[in-house]
Amino acid sequence: MFELGQTVKVLYPFTEGFPDVYEIIEIVTHDDGQIVYILSNDAGGFDGKYLEAI
Amino acid sequence: MTIASVDQLFSSSNGQIFFVTKNAPGASTGIDLISYWNIGTIPVAGAIPTATATVLSSSSQGAIPVPPPTTPPVYNYIRSVEAFTGSGGTNRFSMEIHDRLMHAGGLSGTVTTTQTITGMDIVTQLGVNNLSERIGAADYSHILWLLEIFTGIGATASTLSISVTYTDSSSGTITLTNTNITSGGSVVVLNRLIPAVDSGKFIRSINSLTLSASTTITGNIGFVATVPLTSFSTLISRKRSLAEWRDLGLPRIPNQACLCLFGNPNGSTEGAPNYLRIRTATG
């Protein structure tokens, strides 16, 4: 859904805690198939459903 | 008669003596508290709740035994706590005795859709198991709300978004990351994470949990409403530590209180007392 280096914003219910724009710095695929996008600025990991491309 | 003097304390019935032995829950760093709830050996490990909240009582599995209920103005009190520790640096710690009011759990560390909690609402549960007395202040300001990791979750970075309702009926969101809380027994105090915009409010209920990303391990995440009663420290390993009523504040044990232990972590690993001897007074 998203690519490494892509710029995204964080969606509800996490918007208030992460109001900025972030870069995807790592993509982790778990054994169960879930994909976690690690964001810049120590924002942590997010499922794609909580991100929106800028 | 209410205990109001040292003489009355000495003349009060020397109540029960209860032994508590607990094993260490495991490594923990940078968390607020360690929970000994679902660890043995005395009392037995408490049950891990489901997503439907359970209002606990003195007869709940895992509760530290308490004297029989009393009728005011006679009350039960924690009179003294002796802690016997083993060798090693991990046996220097502080511990707290709480009245565990209610808890819910069973939430997954891998589900990223909103997970709903049912019944974790102080107001709707006030009539159960003497909760109306056990909560302390009527504005719910004595209640600590905790996130407790019953079974360890994964370390993949994830943000936890917790939907709460405050006592003024407004809604809010408390957020934290899973950094340092992956081990079973890890506890975070949510009261200190109330956002600035809701500063001064007290939590009434916890409604749901949403993870920003799977932590990769299902584990078991839950929430606890508790009232701290007293605390004590063991300063030196291999030494008996005694905290008497002067140190403990002679806390009253409400009828149907579910007494449990929490530890204050002092580093990367935690121990536990070889055993505690809790002496109560009734008067």
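Student: Where is the closest cysteine sulfur to the sulfur of Cys260(B)?
Tutor: In Cys258(B), 6.0 Å away, which is too far for a bond. A disulfide here is a pair of cysteine sulfur atoms within 2.5 Å.

Student: How many disulfides over all chains, by this rule?
Tutor: The count is 0.

Student: Is Cys260(B) buried or exposed?
Tutor: Cys260(B) counts as buried, at 4% relative accessibility. Cys258(B) is buried too, at 0%. Buried means under 20% relative accessible area, exposed means over 50%, and partly exposed lies in between (1.4 Å probe, protein chains only).

Student: What kind of model is this, and what are the ground rules?
Tutor: It is a predicted model: local features need pLDDT of at least 70, side-chain atom pairs count only at pLDDT 80 or more, and totals for chains, interfaces and linings use all residues. Residues are numbered from 1 along each chain as its sequence is written, chains are lettered from A and ligands numbered from 1 in the order written, and side-chain values use heavy atoms, leaving out hydrogens and water.

Student: Switching to charges. How many salt bridges over all chains?
Tutor: The structure holds 11. A salt bridge is a side-chain nitrogen of Lys or Arg within 4 Å of a carboxyl oxygen of Asp or Glu.

Student: What does Arg240(B) pair with?
Tutor: Glu82(B), with the closest N and O atoms 2.8 Å apart. The pair links distant parts of the chain: Arg240(B) is in strand β14 and Glu82(B) in strand β5 of chain B, 158 residues apart. Strands are DSSP runs of E, at least two residues, and helices are runs of H or I, at least four, numbered from the N terminus.

Student: Which of those ends is buried?
Tutor: Glu82(B), at 5% relative accessible area. Arg240(B) counts as partly exposed, at 41%.

Student: What network are Glu82(B) and Arg240(B) linked in?
Tutor: A network of salt bridges that also includes Arg277(B).

Student: What about Asp32(B), what does its side chain meet?
Tutor: Arg192(B), in a salt bridge at 2.8 Å, N to O. This pair also links distant parts of the chain, 160 residues apart. Asp32(B) sits in the loop between β1 and β2, and Arg192(B) in the loop between β11 and β12. Asp32(B) is partly exposed at 23%, while Arg192(B) counts as exposed at 52%.

Student: And in chain A, what meets Lys49(A)?
Tutor: Asp47(A), in a salt bridge at 3.4 Å, N to O. Asp47(A) is buried at 13%, and Lys49(A) is partly exposed at 39%.

Student: On to pockets. How much space lies in the largest pocket?
Tutor: About 160 Å³. On a 1 Å grid over the protein atoms alone, a pocket is an open set of points where a 1.4 Å probe fits, with protein on both sides within 12 Å along at least five of seven lines. Lining residues have an atom within 4 Å of a point. Points are joined across faces, edges and corners, and the volume is the space filled by probe spheres set on them.

Student: How many residues line the largest pocket?
Tutor: 14, and Ser233(B), Leu235(B), Ser241(B), Leu242(B) and Ala243(B) lie nearest its centre. β5, β13 and β14 of chain B each give two or more residues.

Student: Which element gives the most to the lining?
Tutor: β14(B), with 4 residues.
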